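Subject: Structure handover and what was found

Dear colleague,

I am passing on the structure below, together with some notes on what was found in it. Please keep it open beside this message while you read.

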Amino acid sequence: MERYQLPVRKFINNHLYSDTLKLALQKSPFPDIPMRELLLQIEGKRKAKEKIPSFFQTDDIVYPLSVSMEQCSSEQTSLYKASLCGGNQLVDLTGGFGVDTWMFSKKFDNVVYCEKDENLVNIARHNFSVLQAQNIDIQQGDGIDFLKQQQQSFDWIYIDPSRRDQHNRKMQALSDCMPNVVENLDVLFRYGNRIMLKTSPMLDIDKAISELKQVEAIHIVAVKNEVREVLYVLHHTIFNGEKQNFSPLKMFAVNILPDATQSFSFSKDELHEAKVAFSTPLAFLYEPNAAVMKSGAFNLVSARFNIFKLHRNSHLYTSDSYVADFPGRVFKIKETLAYKPVKDLSQANVSVRNFPDTPDEVRKKLKLRDGGDVFLFCTTLVNEKPTMIRCERLSQKNTDDTDGTDFHR
């Protein structure tokens, strides 16, 4: 990493917004650093501006291959993970680029970073030094093998299994990821009081619960209304020969926004006990955020906030009075319309839920341009009739800054 001296860093910063296709045709100004390597650093820093702003703002950070940048946690999700734990020692068994490890190092006295890839290890060692993270012990090699050689236990074990196979194809089943957490649960519980497992949002939550057992909490984490990861916190019933308290499984649906965080929590038992009520559209329309949708707490949303569902399968809600702390977007209903062209409507943000047509088909049929101040929800009501609900958006405070158009479910 010493090869990236001041002139190299200046070149990267000066060309951060240059046309990389044109740069690729030029000769590198540094004899020992090929242009493709410079382009890798430029592209990595570009991605870091949005994904890991603290890295972007630190001049001497070195970036890995694009696939590692794609798979690493964002700074926002890493900060959230670190907020869930703390203590003396944590081991990160799948260190990768090291964003999570670095964030954990702020909450623990000592953190161990394990990684098999030598290049990633060298990059992480350099970056941890630049970031002045002096309480991180770097171990090159397989994290599970590292655990088996230990004579000590850890307060927390963090693991983010690789979800790509040798052909770079995405793997969805937990048992297909590397390392195989299900097969190594006994090893993990032998050395850790609590285990935090990061998985893909595509993983079936109920199946993961049955495979992992002893799941204490599940955190569904969205950023700007896009689910980025699902975290499973496992708590062993017996650790170091002592029986641990084990509370009922708790779920957290979290949506991290630029100026606020929406959070909706509940026990798994509440999902089965919640009673839902239905109504035709009233004064307000509520659309749960993506994390709540992933949680499956559709009936509970109705019961918890005393609002009505429009249809069993629509997952849109309504009420006469405004609910200020709803975890999602809230709209003022202007009118309910039949599904046909409207004379005074030529532009709208179209969302569809439990509806026969896609947003593009709706716009084509109604001759609508996309955008504007009108929000048009196309859905099916309890009478099973396709219906349009014309709305206006309420205050942007505590809501995501995306308009949610083209949502098709």
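Helices here are DSSP runs of H or I with at least four residues, and strands are runs of E with at least two, both numbered from the N terminus. By that rule Ala290 is found in helix α13, which spans residues 290-295. Before going further, please note that this is a predicted model, in which local features need pLDDT of at least 70 and side-chain atom pairs count only at pLDDT 80 or more, while totals for chains, interfaces and linings use all residues. Residues are numbered from 1 along each chain as its sequence is written, and side-chain values use heavy atoms, with hydrogens and water left out.

Not counting residues up to four places away in sequence, Ala290 touches Asn225, Glu226 and Val227, where contact means heavy atoms within 4.5 Å. The C-alpha atom of Ala290 is separated by 37 Å from that of Ser129, which is 161 residues apart from it along the chain.

Asn127 is found in helix α8, and it counts as buried because its relative accessibility is 0%. Once its neighbours within four places in sequence are left aside, Asn127 is in contact with Asp60, Ile61, Val62 and Phe97.

Strands and crossovers

Two strands are said to pair if DSSP finds at least two bridges between them. Strand β1 (residues 87-92) and β2 run parallel and are joined by five bridges, and within this pairing Asp92 has Tyr113 of β2 as its bridge partner. Between β1 and β2 the chain passes through helix α7 (residues 99-104), and this β-α-β crossover is right-handed, a term used if, with the strands pointing away from the viewer, the path from the first strand over the helix to the second runs clockwise.

Strand β2 (residues 108-115) is mostly covered, since six of its eight residues are buried. Five bridges also join β2 to strand β3 (residues 136-140), again in parallel, and here Cys114 stands opposite Gln139 in β3. A right-handed β-α-β unit is made by β2, helix α8 (residues 118-130) and β3.

Elsewhere, seven strands form an open sheet with mixed pairing, in the order β13-β14-β12-β15-β18-β17-β16. Its edge strands, β13 (308-309) and β16 (347-353), each pair on one side only. Within this sheet, strand β12 (residues 284-288) and strand β14 (residues 317-319) pair in the antiparallel sense over three bridges, and Leu285 has Thr318 in β14 as its bridge partner.

Cavities

How many cavities of 30 Å³ or more does the structure hold? There are three, a cavity being a set of points on a 1 Å grid over the protein atoms alone where a 1.4 Å probe fits but cannot get out. About 90 Å³ of space lies in the largest cavity, a volume being the space filled by probe spheres set on the points, which are joined across faces, edges and corners. Its lining residues (those with an atom within 4 Å of a point) include Tyr4, Arg9, Gln41, Asp60 and Tyr63. Helix α1 (6-14) and helix α3 (35-51) each supply at least two residues of this lining, and α1 gives the most, with three.

With kind regards

How values were computed
On a 1 Å grid over the protein atoms alone, a cavity is a set of points where a 1.4 Å probe fits but cannot get out, and a pocket is an open set with protein on both sides within 12 Å along at least five of seven lines; lining residues have an atom within 4 Å of a point. Buried means under 20% relative accessible area, exposed over 50%, partly exposed in between (1.4 Å probe, protein chains only).
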